[in-house]
Amino acid sequence: MAELLKNPHTLEKAQKELAQVIGRGKLVDEVDVAQLPYLQCIVKEALRLHPPVSFLIPRKVEEDVELCGYTIPKGSQVLVNVWAIGRDSGIWENPLDFKPERFWESEIDLRGRDFELIPFGAGRRICPGLPLAIRMIPVALGSLINTFNWKLHGGIAPNDLDMEEKFGITLAKAQPLLAIPTPA
Ligand code: HEM
């Protein structure tokens with residue numbers, strides 16, 4: 001929601017897609033999501049820039065491993081910084097821009113298959129809540145933006161919205177988002 005309110009053209013584009021596919025003012029149903037590719041791109045882009053779990057569960061290396069020219073000795077603890085991967089300019093063009101369109105023509109998926117986008121982790125300890133989350137996030141977000149018009153509290157201009165983050169076990173917005181809904 002914060003990124004959508006910071007980037008009103010993206011919000012408008014998502015609302016337009018929803019209006020065309022399910023009709024303005026309606027709640028999104030799980031079956032609608034497959035027909036809402038832009039909404040799905042928004043979810044990917046939000047999880048790329050703001051992964052709620054910024055470090056994966058630590059892994060321990062069971063035997064010496066050679067990886068990309070590095071030797072990782074047996075017994076090492078490996079911490080995977082998903083937050084940094086999502087902002088790596090060697091992988092993403094203009095990584096700090098919120099640009100859901102980067103996923104339009106892309107096959108990159110967030111189910112742990114493409115290591116540049118692993119907000120749910122990967123492998124044996126991948127998040128078991130993934131199937132629930134990837135169904136519920138677009139339903140909840142899509143319903144919020146399709147049934148209400150939104151503006152920032154206190155007349156804050158979109159560009160001035162404070163997006164600072166607070167690191168903890170999960171990543172949170174340092175300043176809570178204050179947004180005002182009016183019925184669509
Ligand atoms: C946006 C939503 C969510 C995100 C981004 C997320 C992300 C993650 C990540 C990154 C991990 C660590 C995976 C790894 O180290 O490879 C994890 C683990 C876990 N998640 Fe989630 N999660 C989400 C929602 C959920 C939900 C809805 C549930 C439960 C209903 C859940 C339950 C768990 C559990 C139990 C683990 C530990 C799994 C293990 O250690 O074997 N998560 N999650």
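Cys127 is partly exposed in this predicted model. Its relative accessible area is 30%, so it falls between the cut-offs of under 20% for buried and over 50% for exposed. Cys127 sits in the loop between α4 (82–86) and α5 (130–147). An unreviewed UniProt entry lists Cys127 under "binding site".

Now the helix packing. Two packed helices are described by the angle between their axes and the distance between the axes.

| Helix pair | Axis angle | Axis distance |
|---|---|---|
| α3 (residues 37–49) and α5 | roughly 110 degrees | within 10 Å |
| α2 (residues 8–21) and α3 | about 140 degrees | 8 Å |

Take α3 and α5. Their axes cross at roughly 110 degrees. That makes α3 roughly perpendicular to α5, because angles of 65 to 115 degrees count as such. The crossing is right-handed. Helix α3 contributes Leu39, Ile42 and Val43 to the contact. Helix α5 brings Ile137, Pro138, Leu141, Gly142 and Ile145. By class, this contact of α3 with α5 has 7 nonpolar residues, 1 polar residue and no charged residues.

Next, α2 and α3. These helices pack at about 140 degrees, with axes 8 Å apart. On the α2 side are Thr10, Lys13, Ala14 and Glu17. They meet Pro37, Tyr38, Leu39 and Ile42 of α3. By class, the contact of α2 with α3 has 5 nonpolar, 1 polar and 2 charged residues.

Leu39 and Ile42 of α3 take part in the contact with α5 and also in the contact with α2.

How values were computed. Residues are numbered from 1 along each chain as its sequence is written. This is a predicted model: local features need pLDDT of at least 70, side-chain atom pairs count only at pLDDT 80 or more; totals for chains, interfaces and linings use all residues. Side-chain values use heavy atoms; hydrogens and water are left out. UniProt positions are given in the numbering used here, feature names are shortened, and annotations may be inferred rather than shown by experiment. Helices (H or I, at least four residues) and strands (E, at least two) are DSSP runs, numbered from the N terminus. Buried means under 20% relative accessible area, exposed over 50%, partly exposed in between (1.4 Å probe, protein chains only). Axes are lines fitted to C-alpha atoms, for helices over the stretch in contact, and angles run from 0 to 180 degrees between N-to-C directions. Angles under 35 degrees count as roughly parallel, over 145 as roughly antiparallel, 65 to 115 as roughly perpendicular and the rest as oblique. A crossing is left-handed if the near helix is turned anticlockwise from the far one by less than a right angle, and right-handed if clockwise. Contact means heavy atoms within 4.5 Å. Ala, Val, Leu, Ile, Met, Phe, Trp, Tyr, Cys and Pro count as nonpolar, Asp, Glu, Lys and Arg as charged, and the others, Gly among them, as polar.
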